[in-house]
Amino acid sequence: SKVLKTKLVNSSIRKFADGEIYIEINENIRGNSIFIIQSISSPANDNLMELLLVIDALKRSSAKTITAVIFFADDLLRASMHNNNSIKLSFAGEEID
């Protein structure tokens, strides 16, 4: 955030004992453009679900735009290539869009 001369959004991401993810945006972001930087490396399913829940929380908080920078999708890509389909990758893209 220092390099981009911007501040991080005050938020909380917690996991309950049963594995449920809790996302809380602790400030007013209405009308702001938000960037999320998220890895969906192993455990890919957990990290992807966390990303989707963060996007949902930001939408509900009325962010103007949400841009997700996703890196190291190696697990999803490898599974896609070995199964000769791209169902996981296309599903993830559709849900994020």
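This is a predicted model: local features need pLDDT of at least 70, side-chain atom pairs count only at pLDDT 80 or more; totals for chains, interfaces and linings use all residues.
1. Overall architecture. The chain contains 3 helices and 4 strands. Taken in sequence order, these elements give the pattern β-β-β-α-β-α-α. Of the 97 residues in the chain, 25% count as buried.

2. Strands β1 (11-15) and β2 (21-25) run antiparallel and are joined by 5 bridges. Lysine 15 has isoleucine 21 in β2 as its bridge partner. The two strands form a hairpin with 5 residues between them. Within the turn, glycine 19 adopts a positive phi of about 95°.

3. The parallel pair β3-β4. Strand β3 covers residues 33-39 and strand β4 covers residues 65-71; they pair in the parallel sense over 7 bridges. The chain passes from β3 to β4 through helix α1 (residues 44-60), and this β-α-β crossover is right-handed. Phenylalanine 35 stands opposite threonine 67 in β4, and glutamine 38 stands opposite isoleucine 70 in β4. As a general point, side chains in a regular strand alternate between the two faces of the sheet.

4. The nonpolar core. The largest nonpolar core comprises 14 residues. Those with the most contacts inside this core are Ile23, Ile25, Ile29, Ile36 and Leu58. Strands β2 and β3 and helix α1 are the elements that give two or more residues to the core. Helix α1 provides the largest share, 6 residues. In soluble globular proteins, nonpolar side chains tend to be buried together.

5. The largest pocket. About 700 Å³ of space lies in the largest pocket. Its lining consists of 23 residues, of which Lys7, Leu8, Val9, Ile34 and Phe35 are the closest to the pocket centre. Phenylalanine 35 is also the residue placed opposite threonine 67 in β4. Which elements each supply at least two residues of the lining? They are β1, β2, β3 and α1. The largest share of the lining, 6 residues, comes from β3. By residue class, the lining divides into 15 nonpolar, 6 polar and 2 charged residues.

6. Serine 41. This residue is found in the loop between β3 and α1. Is serine 41 buried or exposed? Serine 41 counts as buried because its relative accessibility is 16%, and the limit for burial is under 20%. Serine 41 and phenylalanine 71 are 30 residues apart in sequence, yet their C-alpha atoms are 7.9 Å apart in space. Phenylalanine 71 falls within the range of β4, residues 65-71.

7. Arginine 30. Arginine 30 lies in the loop between β2 and β3. With a relative accessibility of 60%, arginine 30 counts as exposed, since the cut-off for that class is over 50%. The C-alpha atoms of arginine 30 and leucine 58 are separated by 8.9 Å, although the two residues are 28 residues apart along the chain. Leu58 is one of the residues with the most contacts inside the largest nonpolar core.

8. Most residues other than glycine have a negative phi. Lysine 5 has a phi near 55°, a positive value in a residue other than glycine. Lysine 5 is found in the segment before β1 and is exposed, with a relative accessible area of 77%. Serine 62 has a phi near 65°, again a positive value in a residue other than glycine. Serine 62 belongs to the loop between α1 and β4. With a relative accessible area of 27%, serine 62 is partly exposed.

Terms used:
Residues are numbered from 1 along each chain as its sequence is written. Side-chain values use heavy atoms; hydrogens and water are left out. Two strands pair if DSSP finds at least two bridges between them. A crossover is right-handed if, with the strands pointing away from the viewer, the path from the first strand over the helix to the second runs clockwise. On a 1 Å grid over the protein atoms alone, a cavity is a set of points where a 1.4 Å probe fits but cannot get out, and a pocket is an open set with protein on both sides within 12 Å along at least five of seven lines; lining residues have an atom within 4 Å of a point. Grid points are joined across faces, edges and corners, and a volume is the space filled by probe spheres set on the points. Ala, Val, Leu, Ile, Met, Phe, Trp, Tyr, Cys and Pro count as nonpolar, Asp, Glu, Lys and Arg as charged, and the others, Gly among them, as polar. A nonpolar core is a set of buried Ala, Val, Leu, Ile, Met, Phe, Trp, Tyr and Cys residues joined through side-chain atoms within 4.5 Å. Buried means under 20% relative accessible area, exposed over 50%, partly exposed in between (1.4 Å probe, protein chains only).
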